[in-house]
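Please read it alongside the sequence and the coordinates.

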Amino acid sequence: MLDKAAHENFPVAPFFVPRAWRTDLMAVYGFARLVDDIGDGDLAPGGGDAVLLGLDRAQADDRLALLDALEADLHRVFSDRAPGPRHPLMRRLGPTVRRCGLSPEPFLGLIAANRQDQHVRRYATYEDLAAYCELSANPVGRLVLGITGTASPERIRHSDAVCTGLQIVEHIQDVAEDLGRDRVYLPGEDLKHFGVSESDLAAPSGGASVRALIAHEAERARALLNEGTPLVGSVHGRLKLLLAGFVAGGRAALQAVAAADHDVLPGPPKPTKLSLLREVRATLRREG
């Protein structure tokens, strides 16, 4: 599960951050991946995770039961009472929570987002989608600020903009994959405005209207990343480089989408390492 960190648009816990931060970032990433894998039905076959969470193997495909069991295990992380957490990833999370003084709310938000995914599969307006991102993405940035001891109201506001932008970038890249899961994370009002139907999204490649829609969503994501970029300039040292990597990952992914002429239907356009490094440098120059 943790090996998926290498495939994100941005570095999750790069080599240059202090070892303690890297350990804590990977603990949080492990939790986030476990929640997403439950919500997407991507757990390893055999029901091992269900058993670890105290369920029967027969419940291995019951995503809501798994999310409920995970939430119960999360409460054990924050409790001083025995027994402790059941799942190894949750036991790994405990020291991070105690060392960094993290609260349960961001973790509960990620679980709530995946519960929502089980019954909400379309979003009528951008405001509806942004409310989903408040659960599915923004908690991650808040946890990073908590781990690094740098949270403040202004930084949280900027972090939320970056995280929502990154989530929209991911939605843009994964249109075809999401539709295969019967989910559409493009606002219905935007599909209507550009004259795009869901059958258009199911095509092997995008026509002009689909590409115009994707370009619109990409510009929205770019504006959010720009809005949140002052976060990078508000910190120093290796944390500045880490946060620049998050912003640059989103910008480089948007470059890859643009280079594909906004045709994301054949598969998610991915940035190269060189383009990511260029964006990191550009971000640091602007916010240094």
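In this predicted model, Arg142 and Asp160 form a salt bridge, with 2.5 Å between the closest N and O atoms. Arg142 belongs to helix H7 (residues 138–148) and Asp160 to helix H8 (residues 153–173), so the bridge ties together parts that are 18 residues apart in sequence. The structure holds 18 salt bridges.

**Salt bridges**

- Arg142 is partly exposed, its relative accessible area being 32%.
- Asp160, the partner of Arg142, counts as buried because its relative accessibility is 12%, and the cut-off for buried is under 20%.
- Asp190 and Arg220 also meet through their side chains in a salt bridge, at 2.9 Å from N to O. Since Asp190 lies in helix H10 and Arg220 in helix H12 (residues 208–228), this pair ties together parts that are 30 residues apart in sequence.
- Asp190 is buried, at 7% relative accessibility.
- Arg220 has a salt bridge with Glu217 as well, with an N to O distance of 3.1 Å. Both of these residues are in helix H12, three residues apart, which is about one turn of the helix.
- Glu217 counts as buried, with 2% relative accessible area.
- A network of salt bridges links Asp40, Asp117 and Arg183.
- As a general point, side chains of opposite charge can pair when their charged atoms come close.

- With a relative accessible area of 6%, Thr164 is buried.
- Apart from its neighbours within four places in sequence, Thr164 is in contact with Tyr126, Cys133, Asn138 and Leu224.
- Leu191 is part of helix H10 (residues 188–193), where Asp190 also lies. The relative accessibility of Leu191 is 8%, so this residue counts as buried.
- Once neighbours within four places in sequence are set aside, the contacts of Leu191 are with Leu186, Val196, Leu201 and Leu213.
- Leu191 and Leu242 are separated by 51 residues in sequence, and their C-alpha atoms are 35 Å apart in space.

**Positive phi angles**

- Most residues other than glycine have a negative phi.
- Asp182 is not a glycine, yet its phi is positive, at about 60 degrees. Asp182 sits in the loop between helix H9 (175–180) and H10.
- Asp182 is partly exposed, with 39% relative accessible area.
- His262 likewise has a positive phi, near 60 degrees, in a residue other than glycine. The loop that holds His262 runs between helix H14 (237–259) and H15.
- Is His262 buried or exposed? His262 is buried, because its relative accessible area is 18% and buried means under 20%.

**Surface charge**

- Which arginines gather in a patch of positive charge on the surface? They are Arg278, Arg281, Arg285 and Arg286.
- Arg278, one of the residues in this patch, is located in helix H15 (residues 273–287).

Technical notes
Residues numbered from 1 in each chain as written. Predicted model: local features only at pLDDT ≥ 70, side-chain atom pairs only at ≥ 80, totals over all residues. Heavy atoms only, no water. Patch = residues over 30% accessible without salt bridge, like charges linked within 9 Å, V, L, I, M, F, W, Y side chains within 5 Å. Areas by Shrake-Rupley, 256 points an atom, 1.4 Å probe, with all protein chains shown as cover. Salt bridge = Lys/Arg side-chain N within 4 Å of Asp/Glu carboxyl O. Lys, Arg positive; Asp, Glu negative; His and termini not counted. Charge placed at Lys NZ, Arg CZ, Asp CG, Glu CD. Helix = DSSP H or I, 4+ residues; strand = E, 2+ residues; numbered from the N terminus. Buried < 20%, exposed > 50% of the residue type's maximum accessible area, 1.4 Å probe, protein only. Contact = heavy atoms within 4.5 Å.
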